[in-house]
Amino acid sequence: MKTDRKDRIRRAKAARNSHKPRRLPEQTAPNAPEGPRTPFHPGADLPILLETPRFLILDKPTGLAVHPGPSTQDSVETRLLPHPRGGPWLAHRLDTDTSGCLLVARRKTALIEAQAAFQQRQVRKLYWAVVVGNLSQDSGEIDAPLLRKSGPSGWRMVVDAKGDEARTRWRVLGRGKNLCWVELELLTGRTHQARIHCAELGTPILGDAVYGASAGSFLPGLHLLARSLELNLSSDTLAAEASPPDFMAETLRRMGCEGAAQS
C-alpha cells in the first residue's frame with residue numbers, strides 16, 4: 001500500500017511539472033556592441049568639445065561652479081561619474097561666471113601630465129571678452145602682478161607689486177558703441193586674471209559687478225568666454241574651441257560682429 005501511494009505522488013508531481021514552461025538560459029551575442037557610455041551622472045550631462053581615452057574638454061556653461069561649495073552642490077565635479085580606480089579630475093578651473101573650455105583628466109597619469117604642462121606654460125589659453133569702453137590701441141600686453149586680499153565683505157584679487165606675476169596679451173577683434181570685443185591670451189594663470197587686467201586697462205568686462213560696474217539688469221551674465229584651449233603633450237595633442245553663450249552672442253550681434261555670434 002505504501003509503495004502504491006508513493007508511486008501516485010511521483011506521478012502527480014511529474015504531471016504538474018510537465019505543464020510548467022521551461023526556463024531557457026539567457027543568451028547574449030558574443031560580439032554584441034556596448035551602448036554609448038557617458039562620463040556624467042544620469043541627467044547631468046555637459047557639452048563635450050573633445051573626448052579621448054585620457055581627457056575630456058568640456059564646454060562649461062556660465063553660472064556652474066567647477067567645485068561644490070557651501071551654497072550649492074551642483075558643479076562640474078559632482079556631475080562627473082567617479083571611476084573605480086579614482087578620478088576623473090579637473091586639470092584646471094574656471095570662475096563660476098565664465099563659460100567655455102575646461103580640461104578634465106580621466107586618468108591620474110593624465111592629470112599629472114596636464115598639470116605639468118600648465119605649470120611649465122605649455123598650454124595656450126585664449127579668451128574672448130566684451131569690455132566697456134574704447135581701447136586706444138588695437139593690441140598690447142599688460143604685466144600687473146596680482147595679490148589676494150581679504151576683507152569684511154570677503155576676498156578679491158588686487159594689483160599689487162608684492163603679488164604673483166600676471167601677464168595678459170590682448171588684441172581688439174571688433175568695436176561697437178562704447179564696447180570692444182577683445183581676445184585675451186593668458187600668459188600666466190592667476191585667479192580672476194582676465195577680469196582684473198581688463199579693469200586695469202580702464203575697460204572692465206561687461207557684466208562684471210566685482211571688478212567693474214555692472215552694465216545693467218538686462219545683461220544676464222559675465223561676457224567672458226574661455227574660447228580655446230591647446231595642449232601639446234607627449235601622449236596627446238588636444239585642441240578645442242567653445243562658442244559664446246547666447247547672451248554674449250546677442251551682444252556681439254548688436255555690436256555688428258555677426259561672424260563671432262555664429263562661431
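What is the volume of the largest pocket? It is about 560 Å³. A pocket here is an open set of points on a 1 Å grid over the protein atoms alone, with protein on both sides within 12 Å along at least five of seven lines. A volume is the space filled by probe spheres set on the points, which are joined across faces, edges and corners.

This is a predicted model, where local features need pLDDT of at least 70, side-chain atom pairs count only at pLDDT 80 or more, and totals for chains, interfaces and linings use all residues. Residues are numbered from 1 along each chain as its sequence is written, and side-chain values use heavy atoms, without hydrogens and water.

**Stop one: the largest pocket**

Select Lys 125, Leu 186, Thr 188, Gly 189 and Arg 190. Of the 27 lining residues, these lie nearest the pocket's centre. (Lining residues have an atom within 4 Å of a point.) Now colour β5 (123–132). This strand gives four residues, the largest share of the lining.

**Stop two: the second largest pocket**

About 430 Å³ of space lies here. Select Arg 93, Asp 95, Thr 96, His 192 and Arg 195, the closest to its centre among 23 lining residues.

**Stop three: the cavity**

A cavity is a set of points where a 1.4 Å probe fits but cannot get out. One cavity of 30 Å³ or more is counted. The largest cavity has a volume of about 30 Å³. Select its lining, including His 92, Cys 101, Lys 125 and Tyr 127. β5 and β11 (224–232) each give two or more residues to this lining. Strands are DSSP runs (E, at least two residues), numbered from the N terminus.
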